[in-house]
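Keep the 3D view open as you read.

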Amino acid sequence: MTIASVTQLICFVALSLTLVVGSLGVVLLPNIVYSAFLLAGVFLSVAGLYLMLNASFVAAAQVLVYVGAVNVLILFAIMLVNKKEEMAEIPGLLLRRVLSGAVCLGLFLLILRVDLTTPWAVPGPAPLADDSALLIGIHLFSDYLLPFELASVLLLMAMIGAIVLARRDVFSSDVITGEPADQGLLEKERTPLLLESTAGETTLLEKV
Amino acid sequence: MSTAGSALAVVGPGLDLQSSFTSAMEGFGLSQGTAHLLWLPLPMLLVLVAAVIGVLVNVWLERKISAAVQQRIGPEYAGALGVLQPMADGLKLLFKEDVIPRRADGLLFTLGPVLVLVPVILSWLVVPFGQNLLISDVGIGVFLWIALSSIQPIGLLMSGYASNNKYSLLGGLRAAAQSISYEIPLALAVLAVVMMSNSLSTVDIVNQQSGAGILSWNIWRQPVGFLIFWICALAECERLPFDLPEAEEELVAGYQTEYAGMKFALFYLGSYINLVLSALLVAVLYLGGWGFPIPVEWLAGAIGQSVDAPLVQLITGSLGIVMTVLKAYLLVFIAILLRWTLPRVRIDQLLDLGWKFLLPIALVNLLVTAGLKLAFPAFFGG
């Protein structure tokens, strides 16, 4: 065994261990913040596996998109609504857990069977090394153009949906006047409340 | 690829320390594998030492320049002109008690600073000081740096959350928001440069600028991109005017509030290494990297020497390192001056600048670069 292959083996074992243990932790840990941080570790070890497959561009993209964007946003959302609330007791929790565990185990066995019965080509196709970014670009703009564009349309829809949900007031109308209740109107509605309270205070003062 | 090949022919192979080292070790009777194994840790250690020394210099500069800006003298007793002051600072931090607040999350509290520092040091992998003077000329080059720098906010969020302190949490959240907002214009500015040099590799990017000395540097072809990159790099480093995550007047010290001793030192190191790294990358992407303002080939030709002569190679190699460091520290100087002259922006102004100004400008810059590349392939890398 050469030094390179030993290093490769050690890296593979370490990455796979962090991947498996980390993803079990993501699912099983009760603290959601720990799960989110572990998810970052899982994404990083997946990137490491890509690196071992000589797909350095995909690995860097994995880190940038999943760790740098998706995971940071997940953490951001968790920390913005960081409420420690007691969950209501769910009836039949044990049965639910057993059932979902059984479904997961079944899926795992299915994948394992596929893995064992597929005649994998060993060694796989020759690595592209540094040309991979170039080839990915060529494919994205030729035979994979339609899926690529569809994916971007999907993302656009998700973004518009998020805006609609976040600023629902823009798209609804005032109940009494029938006018569109935009941000300005909402603020106007808030001002009388303040005025009322000050008016109340003045009346109080007058009484005194 | 053809442009890179022709540029290589112009620059020449330069110093190749690795092959010299391995052949010397083989001369001592070691096998090739052992020689390679002996070589491997050397550049990594060298770069680590260079990064830490860079930070020490940076801290001294910061103290001296801030003193000069405020018409003080600054440190002067520790060594001549106070050059040993950063060492004293570092030693003090080393010997301080390591405090973990009682209600804090010990594990995440410890892991946070590590996660902030490690990606920054890893990014030095792609910083070139010469044709062969970098740890690894990976094909994805600057993209690796962009990807690695996106890990940092996780460490900041982690330490902000684990400190169990509202200032820390707010600081961590601000750091994450700022980092996400400024990563996009930064990446778009880099993309314009990458498009001109047809490669993500930092060595290729420098070679593409080495045709006519100072005139062929990217700053003339990408002035807008240079400004966008510099603003975003300052924001990514959390330097003033963008140091909102640790704004003293509002948040005590942001995510660093609860940290003391060596863990605080890791944050400190991380932010300064990041500043030096950003300055180095600006030098690589826009200021011709290790290139001398007048091409060394012309100079060598003027005194009638071949570029490949060993002595000339040694001199050009050293000149390259000096030029890279000089350009980087010029930018660090500008960053320090900015810190002591500009007021801090508000968080809404920061996000407005990122999303409503820099992002559209960066997109337009990319589009214009693409158009110019098609129209004038000779000047904009066809």
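Helices here are DSSP runs of H or I with at least four residues, and strands are runs of E with at least two, numbered from the N terminus. The model is a predicted one, in which local features need pLDDT of at least 70 and side-chain atom pairs count only at pLDDT 80 or more, while totals for chains, interfaces and linings use all residues. Residues are numbered from 1 along each chain as its sequence is written, chains are lettered from A and ligands numbered from 1 in the order in which they are written, and side-chain values use heavy atoms, with hydrogens and water left out.

Let's begin inside. A cavity is a set of points, on a 1 Å grid over the protein atoms alone, where a 1.4 Å probe fits but cannot get out; its lining residues have an atom within 4 Å of a point. Among the residues that line the second largest cavity are B:Val116, B:Glu236, B:Tyr255 and B:Phe267. Two or more lining residues come from each of α8 (152–162) and α14 (261–286) of chain B, with α14(B) giving the most, four residues.

Now move to where the chains meet. Counting heavy atoms within 4.5 Å as contact, 23 residues of chain B and 24 residues of chain A take part. The size of an interface is often given as the accessible area lost when the parts come together. Using a 1.4 Å probe and summing over both parts, chain B and chain A bury about 2,100 Å², 83% of it on carbon and sulfur atoms. On the side of chain B, B:Phe143, B:Ile154 and B:Tyr161 lose the most area, together 27% of what that side buries.

What about charged pairs? A salt bridge is a side-chain nitrogen of Lys or Arg within 4 Å of a carboxyl oxygen of Asp or Glu. Between chain B and chain A there are zero salt bridges, while the count over all chains is seven. One of these joins B:Arg63 to B:Asp89, with the closest N and O atoms 2.9 Å apart. B:Arg63 sits in helix α4 (residues 41–69) and B:Asp89 in helix α5 (residues 85–95) of chain B, 26 residues apart.

Terms used
1 Å grid on protein atoms, 1.4 Å probe; cavity = no way out; pocket = protein on both sides within 12 Å on 5 of 7 lines; lining within 4 Å. Buried area = accessible area lost by both parts, 1.4 Å probe.
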